[in-house]
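Here's a quick briefing to read with the model open beside you. Grab a viewer and follow along.

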Amino acid sequence: MTTTLAPPIPIGKAAVGALGMLALSTGALESVVAPTIPLLERELDMSQSEGALLSIILLITGALITPLAGKLGDRYGGKRILIRLMAVVSVGGTVSALAPNLPVLLVGQVLQGAMIGALPLSFIVVREHLPAGESKVAIGVVSGLFVGGSMVGMLSAGPVAEQLSRHWMFALPTLAVIGATLLVNRLMPTDPPGRSDGSGIDWPGLLLLSGMLVTLMLVLALAPEAGSQPLAFVALVLVLAAFVAGWVRVERRAAAPMIDLRMLARPAIWKACVLTFVICLGATMAVYLIPQLLDERGDGYGFGAGATEIGFFLLPGAIAATLAGPLGGIGERRFGSRAVVDTGVVMMTVGLLAVAAVHTEVWHLVVGKMLIALANGLCVTAMMTSTATAVDQGDTGIATSLILVSRVVGSAVGGQLGGALLTAGTPSGSKVAAESAYVTGFVIAGVVVSLALFVTRTMSKGVKA
């Protein structure tokens, strides 16, 4: 006897709005740690190495959980897994808010890392209930609000921590996540489970990927001291190579790999991943370096701005990042992904190189940050929407997960690279990084981002996997 599945229930603007609110709140919760690392180091008596670990632990766990969440969402239904994932995130945010010390805060951050898997699950739900054209715009809105939420978190974390406490900078976005999750659960119809191959979770691949990401972060953290500790640095590089080789070997043989390398081998997918990695690397270097330069008190450079002032200076960039998502979705729909990405790459390159050349006034950094934030949102949204709508519907979760893993890794590498450059550019016994370290960072980021044009030239106007 054949069972006919009922057609999916169309969703309205309220349901898409609820997903957007969830993306906004999770984006805010994701980003509150980065701008408050100095404050947390003082309050929790952390060393710089412990501060570096705290700043990347969420990204690492997010990179691990994202492909797993996408795969489970494709198999069991996006809404079902999304709600359960948000329950874990809410617990993590609560633990972080109540944390009395660093170990407890690290546990909270590990749990919060599950939030990065929310985006591919949202895309599964949107594609299930909206026609192709409308789903591109909806995905653009959700992606843009996640980026905007990240900027809101960065802007508000310092003032909230200073005026209230570090506990509230976690508690407020966690309450928003809980409220948005309840709205999604109420307004979004349940999508039916997708196909299942009957295979279990690829635990060996998950463990090897986790080792690979942790080792990569350690390599980047040790890079500024490679000259004084060459054996340790070389050993870490060899360990990283071993993890990469082992992971590729396991994933090729796995019946149900955590990340399907066959999908990654498709030209449209690997090009989108490379572009996302490069663009996020450049954008995150700027996200790290510009606030540091605003805070810097060097001789003839820097502005000595406080946390509240820095938040005000970064506000135009936050607005640009929020607008970039919908604009990217609409642009991809009308002009194709290649045109949108080319525009974003040129815009970001100009912004980075301009800030490297001219940074003597606050408005130089404000305008540069606006260009970079807008370009980042346009590019990532175009990659996400084109990939999400190009693959088979049952592969939406895993395909967009690959883009999100590229985003996470690119962001982690960009942040660590920016920190390494400033560490290397700080004279012994001084707390002030040389101006040349900032210039070098912006130039490197601009050159790396510009190389993305060589990849976009080989893309079709509309990406097809």
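Trp-247 sits in helix H10, where helices (H or I, at least four residues) and strands (E, at least two) are DSSP runs numbered from the N terminus. You're looking at a predicted model, in which local features need pLDDT of at least 70, side-chain atom pairs count only at pLDDT 80 or more, and totals for chains, interfaces and linings use all residues. Residues are numbered from 1 along each chain as its sequence is written, and side-chain values use heavy atoms, with hydrogens and water left out.

**The whole protein**

- The protein has 18 helices and zero strands.
- Of its 465 residues, 56% are buried, and buried here means under 20% relative accessible area (exposed is over 50%, partly exposed in between; 1.4 Å probe, protein chains only).
- Take the contacts (heavy atoms within 4.5 Å) with a separation of 6 or more: residues 24 or more positions apart account for 82% of them.

**Helix H1**

- H1 covers residues 13-31, 19 residues in total, and reaches 27 Å from its first C-alpha to its last, close to the 27 Å expected at 1.5 Å a residue; that expected span is 1.5 Å times one less than the number of residues.
- Because 14 of its 19 residues are buried, H1 is largely enclosed by the rest of the structure.

- Trp-247 has a relative accessible area of 9%, so it counts as buried.
- Setting aside neighbours within four places in sequence, Trp-247 is in contact with Gly-205, Leu-208, Leu-209, Met-212, Ile-259 and Leu-261.
- One of these, Leu-209, is 38 residues from Trp-247 along the chain, yet their C-alpha atoms are separated by 6.4 Å.
- Ser-96 belongs to helix H4 (residues 78-98) and is buried at 0% relative accessibility.
- Not counting residues up to four places away, Ser-96 touches Leu-105, Gly-108, Gln-109, Gln-112 and Phe-170.
- Gly-328, in helix H13 (residues 307-335), is buried too, with a relative accessible area of 0%.
- Gly-328 and Gly-140 are 188 residues apart in sequence but 6.3 Å apart in space, C-alpha to C-alpha.
- Beyond its neighbours within four places, Gly-328 is in contact with Val-340, Leu-378 and Thr-381.

**Pocket and cavities**

- On a 1 Å grid over the protein atoms alone, a cavity is a set of points where a 1.4 Å probe fits but cannot get out, while a pocket is an open set with protein on both sides within 12 Å along at least five of seven lines; lining residues have an atom within 4 Å of a point.
- The second largest pocket has a volume of about 500 Å³, a volume being the space filled by probe spheres set on the points, which are joined across faces, edges and corners.
- Its lining has 18 residues, and Trp-247, Leu-264, Val-405, Ser-406 and Val-409 lie nearest the centre.
- Helices H9 (203-222), H10 (230-253), H12 (267-295) and H16 (396-424) each give two or more residues to this pocket's lining.
- By class, the pocket lining is 17 nonpolar, one polar and no charged (Ala, Val, Leu, Ile, Met, Phe, Trp, Tyr, Cys and Pro are nonpolar, Asp, Glu, Lys and Arg charged, and the others, Gly among them, polar).
- The structure also holds three cavities of 30 Å³ or more, and the second largest cavity has about 50 Å³ of space.
- Lining the second largest cavity are Leu-59, Ile-60, Ala-63, Leu-213, Met-217, Val-408, Val-409 and Ala-412, with helix H3 (48-76), H9 and H16 each giving two or more residues.
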